[in-house]
Amino acid sequence: MALTYQACLQATNVVVASGSVPTIVGEAGIGKSALVADLARQRHAKLFTTVVSLVEKGDLVIPVPPLTSDSFVQTEKYGSLADVQFGYSHTLVAMIRYAEAHPDQEIIWFLDEFNRGTQAVQSELMNLVLQRQINTLTLPKQVHLILAENPDATMAGFEQSRYGVTPGDAAIADRTTRLVLTADATTWLAWATQTSAGQPRIHPLVTAYLAENPADLHVVATTNAMADDDLQPTPRAWERVSQALHELEQQRLLSQTAVVAAIMQGNLGMTVGTAFAGYVQEQRPGLTVDQAYTTADAVAVFKALAPAQQQQILRLCLAANAAEWPLTTGSTAQRFSELLAACPADGQFAIAQQLAEEPDLLEQLAAVTATTPGVAQLYQQLTTIGQRGSQIEV
């Protein structure tokens, strides 16, 4: 049975607390590492991570010459081993030193991508998982092991999986508890919209799109899914997209459609990447509302955009009118007027019509024209556009 993120987190906590070893099975990028990190925070445990797929045979048990007496670490309770940097033993040294310095704190050793390691590497790890011992080294009692694996075709429910994995030994499967993690859009969106330092964790464009298209959060990589794509969206890919969007906004590159599309497709695959790039262009056509009203070169940037992008920006500005950027404010009205003047005549008329349909907005503008020059300028401009449009229609 597949579990949502929160359910899997709870189940993993139970398995660890009961003294067993959980194996979290899930697609790449689905959030296995984040789940273990959350568990460590909940349990106030120190987390150590080893990516098994990056390790070679012998990294754990074979010293790398030349070694001196200083290369060996003798512990008070847990035996001795060679401190070989970049191998398992270096992690073990750090872990045991931490255990001796913090005897009352839990430690979690996360063996990520366990079944993407070679059979030889998995065999070297078996005693750690099964007996908590290797050579003369004994794991401290406060160390909890957690494994993570990608699905393989031998697992029930994953017959179509195509990961390059080495199925685990039956002894490992028998001594661990398999928990299957699935992508859950509702839970992920709740996490993504939580604020950190006053900002949501994930860019609002991503969460808004996935709220409308929850199936695009994660598309399982099978031989049948999106056969023309060699990439599929995952929660981790959407996090990269979020970071890219912030940088695109900062560098004022959202109007560069080819750049935006390439970045989205490079993270999400052609199908979803193309759809999301189109969504970005629709919602953020080159300038955000804040940028349109506050940046010195906004008008120059606006003039370089396509007419459709210009109209979309002005529509977004109108949508923000009642909240953050009321057109009854002089500076806001003046900038809106400058942007409107940069549009082609038919675009000006379309925006003026939409503005006229806003309840009581023209009346509100007229009420402050005598005291607010920027608003007076916009009101006169709208009057001229309306008269010109009426003449054209006649």
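Select strand E2 (residues 21–25) and strand E10: five bridges join the two, and they run parallel. Strands pair here if DSSP finds at least two bridges between them. Helices (H or I, at least four residues) and strands (E, at least two) are DSSP runs, numbered from the N terminus. Within this pair, pick Val21, whose bridge partner in E10 is Thr176.

This is a predicted model, in which local features need pLDDT of at least 70, side-chain atom pairs count only at pLDDT 80 or more, and totals for chains, interfaces and linings use all residues. Residues are numbered from 1 along each chain as its sequence is written, and side-chain values use heavy atoms, with hydrogens and water left out.

Opposite Leu3 stands Leu181 of E10.

Go next to helices H14 (residues 330–341) and H15 (residues 345–357). Their axes are 9 Å apart and the packing angle is about 145°; axes are lines fitted to C-alpha atoms, for helices over the stretch in contact, and angles run from 0 to 180 degrees between N-to-C directions. Show Phe336, Leu340 and Ala341 in H14, which meet Gln348, Ile351 and Leu355 in H15. Contact means heavy atoms within 4.5 Å.

Follow H15 into the loop between H15 and helix H16 (361–368), where Asp360 lies. Asp360 is not a glycine, yet its phi is positive, about 65°.

Finish at Arg252, in the loop between helix H8 (235–250) and helix H9 (257–268). Arg252, also not a glycine, has a positive phi near 60°.
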